[in-house]
Amino acid sequence: MNFPILNISHDRWYDDDIMDYISFDEFIYTRKDAIFNELYKDQLFCDCDGVIFKAIKKAEMTQKWRNWLWFIPNVWKTEILFEPTHKKLTVDELRSYLLDRLAELTMDKELKKWEMNIRRATNHFELIYG
């Protein structure tokens, strides 16, 4: 799995949480199970090679010091475990998905720039990373 990855399980995106759909590493930085359940559990993600993975669970944390210092930002981190689905998206399929999601959002200067980058992208990494 190559990061960043894009959550492709949603049929609609919302303006206030666009960055919730992109993950730059395999960790979740909160103790709250509700966040994992909402953003990751049983959802599909496309990586930078077009391979689709499913988030299945969080790994058990083995570093005790993280338990003791959980209140410091970014100290608490747990690995998200993914399983391959043996499916792939082509560059054009991912481009179409992204353009459909962007069309539902309120366009501003940054989203217009992102849209132009999506239209010019030649691979999965450029599409996801923007």
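Visitor: Where in the protein chain is confidence lowest, and where is it highest?

Guide: This is a predicted model, and in the protein chain the lowest confidence falls in helix H2, residues 64–68, with a mean of 73, while the highest falls in strand E4, residues 44–46, at 98.

Visitor: And what does the protein chain average in pLDDT?

Guide: The average pLDDT of the protein chain is 90, and 100% of the residues score at least 70.

Visitor: On to the fold, then: what is the order of the strands in the sheet?

Guide: The sheet is open and has six strands in the order E2-E1-E4-E5-E6-E3, with antiparallel pairing. Its edge strands are E2 and E3, each of which pairs on one side only. Helix H3, made of residues 91–103, packs on this sheet and touches E1 (5–7), E4 and E6, and the direction of the helix makes about 50° with that of E1.

Visitor: How many bridges hold E5 and E6 together?

Guide: Strand E5, residues 51–58, pairs with E6 in the antiparallel sense over seven bridges, and within this part of the sheet Ala55 stands opposite Phe82 in E6.

Visitor: What about E3 and E6, how many bridges there?

Guide: Two bridges join E3 to E6, the latter spanning residues 78–88, and the two strands run antiparallel. Here the residue opposite Glu79 of E6 is Phe27.

Visitor: Phe27 also has something to do with Asp25, I think. Where does Asp25 lie?

Guide: Asp25 lies in the loop that connects strand E2 (22–23) to strand E3 (27–28). Its side chain reaches the backbone nitrogen of Phe27 at 3.1 Å, and the side chain of Asp25 also makes a polar contact with the side chain of Tyr29, at 2.7 Å.

Visitor: Why does Asp25 count as partly exposed?

Guide: Asp25 counts as partly exposed because its relative accessibility is 25%, and that class lies between the cut-offs of 20% and 50%.

Visitor: What separates the C-alpha atoms of Asp25 and Pro4?

Guide: The separation between those two C-alpha atoms is 6.5 Å, although Asp25 and Pro4 are 21 residues apart along the chain. Pro4 itself sits in the segment before E1, and the peptide bond leading from Phe3 to Pro4 is cis, with omega near 5°.

Visitor: Changing topic: how many disulfides does a search of the whole structure find?

Guide: The search finds zero disulfides. Cys46 is in no disulfide, and the nearest cysteine sulfur to it, that of Cys48, is 8.0 Å away.

Visitor: Last one, Asn7: which residues does it touch?

Guide: Leaving out residues up to four places away in sequence, Asn7 touches Tyr21, Leu39, Gln43, Leu44, Phe45 and Tyr97. Asn7 is placed in strand E1 and is buried, with a relative accessible area of 1%.

Visitor: With what side chain does the side chain of Asn7 make a polar contact?

Guide: The partner is the side chain of Gln43, at 2.6 Å.

Methods: Residues are numbered from 1 along each chain as its sequence is written. This is a predicted model: local features need pLDDT of at least 70, side-chain atom pairs count only at pLDDT 80 or more; totals for chains, interfaces and linings use all residues. Side-chain values use heavy atoms; hydrogens and water are left out. Helices (H or I, at least four residues) and strands (E, at least two) are DSSP runs, numbered from the N terminus. Buried means under 20% relative accessible area, exposed over 50%, partly exposed in between (1.4 Å probe, protein chains only). A polar contact is a pair of N or O atoms within 3.5 Å; within protein, one must be able to donate a hydrogen and the other to accept it, and residues adjacent in sequence count only if both atoms are side-chain atoms. Two strands pair if DSSP finds at least two bridges between them. pLDDT is the predictor's confidence in each residue, from 0 to 100. A disulfide is a pair of cysteine sulfur atoms within 2.5 Å. Contact means heavy atoms within 4.5 Å. Axes are lines fitted to C-alpha atoms, for helices over the stretch in contact, and angles run from 0 to 180 degrees between N-to-C directions.
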